[in-house]
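Hi,

Here is the structure I promised to pass on. Have a look, and my notes follow below.

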Amino acid sequence: MIRIEEIVEKVSRNHPQADLDLLRRAYFFSAREHKGQTRASGEPYLVHPLEVANILADMRLDEISVATGLLHDVVEDTLVEPEAIRELFGGEIAHLVDGLTKIAQISNQSREEQQAENVRKMLLAMVDDVRVVLVKLADRLHNMRTLGFLKPEKRRRIAQETLDIFAPIAHRLGMGRMRGELEDLAFQNLHPEEYRELAEQLEKRRGEHKAFLREVTSRIEEKMREAEVPIIRIEGRVKRLFSIWKKLKRQKIELDQVYDLIAARVVTPDEVRYCYAALGVVHNLWQPVPGRFKDWIATPRENLYQSLHTSVIGSMGQSFELQIRTEEMHRIAEEGVAAHWKYKEGRRGSHDDDEAFQWLRSLVEWSQEVKDSRDFLESLKLDLYPKDVYAFTPMGKVIQLPRGASPIDFAYMIHTEVGNTCSGARINSRMVPLRSTIQNGDVVEILTSPNAHPSRDWLNFVTTSRAKNRVRHWVSEQQRIESIELGRKLFEKESPRFNLPAKKLLADADGELKRIANEYGYGRVDDLLAAIGYGKIMPRNVIAKYLGPEKFAELEQKKESRLRSSVNAGVQAVRKLIRLGEDSIVVRGVDDLLVVRARCCNPVRGEEIIGYITRGKGVAVHARRCTNVQQLMINPERVVEVEWASSVDEAASYAVKLLAITENRTGMIADVTNAIKDIKTNIRASTAAVSEDDRGRIEVTVEVFDLKHLDKVMSSIRKVPGVLDVERLHGVA
């Protein structure tokens, strides 16, 4: 276990004027409050805050940050009140600890809602003082390093959250080293078999890579001396495991085909001219790969990253990447905001001169507008990825966008009203479709019309969270207006059957319908009508509440007994035809709705699922991973919580279609089908073909009982020699 004096010594070395007594007091306080607590590993809990503080000290942060690392869990995990932290350690540390303390869990909130609110709280605290997120990243890093002591399900959940939120935040803050370790640790816990296999492949090549980098390094040093270009050092590195794995998956290639597997880095003194001089030497020494040069010095990335990137062909025909940067650029590339964040004269928070935090301010701006937790998390994931496309307005203003951005994204970056009234676009003076992709340096002109309005189809190609949220909001409002009108018509149609004056009831905004709306949890009658229009509430149920159970039953029996019987019989008949209806999936808080699995994602038992009320077809149940979920769930009022029933027929099975990408060799189909047969899994259908790149494509439909069974089938196929990748295809087989 790390000792507090080692941490104190590191802080003293980096900050000679630091208040070291503050660190010792924070340590003793944390030790006292966490006394008796242990971690999942069996170690004393104090190990965790000490390790977090040590990570922060290694990042060369100030004593306030390191002390916060020691104290970050005392409010959440002990009986200590926030005021006690303020009295003992001051307002600054109390503010940071509060920003790191999770919002108290509310029993009726889902885990996703709790996660969203905790992340939202952290982002708001970041705007005031970015040290909040630096401590949080250190906390997450140590938790990821010790993840192996948790149960598999919890490991996967934390690893996925790290990959979705915290690693991208580290990247957006320019913290390359932190991001890389978080991604590799998440990869190791999410895909342990693939991680192990890839690590073994790289280990076999280690000697070859070292020899190659030694040769490259010596050649560069020799030529730099000849050209009298000063350099501080040359480093070699092999691409991180997660980055390699992503590239293999995305491009469906093998390890030998990764051109930037090996990279060399030239670090020069802190004068930019030496970087360009070194680049000239390198391009004279080896042939550059066309289109692979990036000048991030002249146009720094949004997180202030600067470097020259080029790919060259080595003497043996092997391509590799070269990065050239100054010592200061290298420090910022590795440590990001932690390298240049300054705390002088009480300076806190992100100020106007901090370019790295422009994205943070805009991110927090829309995060406060987005109320739905699912929309918030999805939008956050979108916005955390790097923006590296630079386009121009006709007046010369630079607009930063993510790769793949469309003119619609561009329009909403200018102003919401420009996006809402966009009718067309010109790129470089030529009319283009609105789904066109903007490239670096394009001049984009947006055409508007007062009669134009957003289309739901835009959600299929816009990429920025700002555009997605604005389009969703507009479509949601339109759907709401339509649903209120539909709900009004349905209520007016049903009311005469019970001798009720519908128009009179609807005209009284504060009358009985307002009371009934409140009983359903709605604030206004319009909200109640919208719920009727969505199909979430039956108009007869509203009438039943208005009349009271006895009178309603009397009128129902007199006027609709025959009709009700026939309708119920029809509903029951339909339910019997649906194998996976209410007996397998439970809808929370909504009665009398049919339940069907969505064909687009075909969820299987064990997957996280979510329900969407369709008009006239009951509740469509999607897997949360479904690509259509975000497009369908524009209006959160149509979203319902669903879950797999606790008791179902164990013999129930699900048809799932899988695609195996394989080598083109004799016996491949037999090997794949035998692997499925060996784990006693039924095959419904299979097809095979050879693609243009001479790879085998084997589609096989299997019957599985739940998600664990599906994972077992896919794992068995992956182990077949010659299988390059296995993926699950969408849709019912």
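First, a term for what follows: contact means heavy atoms within 4.5 Å. This is a predicted model, so local features need pLDDT of at least 70 and side-chain atom pairs pLDDT 80 or more, while totals for chains, interfaces and linings use all residues. Residues are numbered from 1 along each chain as its sequence is written, and side-chain values use heavy atoms, without hydrogens and water.

Helices (H or I, at least four residues) and strands (E, at least two) are DSSP runs, numbered from the N terminus. Axes are lines fitted to C-alpha atoms, for helices over the stretch in contact, with angles from 0 to 180 degrees between N-to-C directions.

Strand 18 (residues 654-663) and strand 21 share 5 antiparallel bridges; T662 has V723 in strand 21 as its bridge partner.

Elsewhere, helix 22 (residues 465-494) packs on helix 25 (residues 525-534) at about 85°, axes 7 Å apart. They are therefore roughly perpendicular (65 to 115 degrees). Among the residues that meet there are R480 and R488 from helix 22, and D526 and D527 from helix 25.

Cheers

Definitions and conventions
Angles under 35 degrees count as roughly parallel, over 145 as roughly antiparallel, 65 to 115 as roughly perpendicular and the rest as oblique. Two strands pair if DSSP finds at least two bridges between them.
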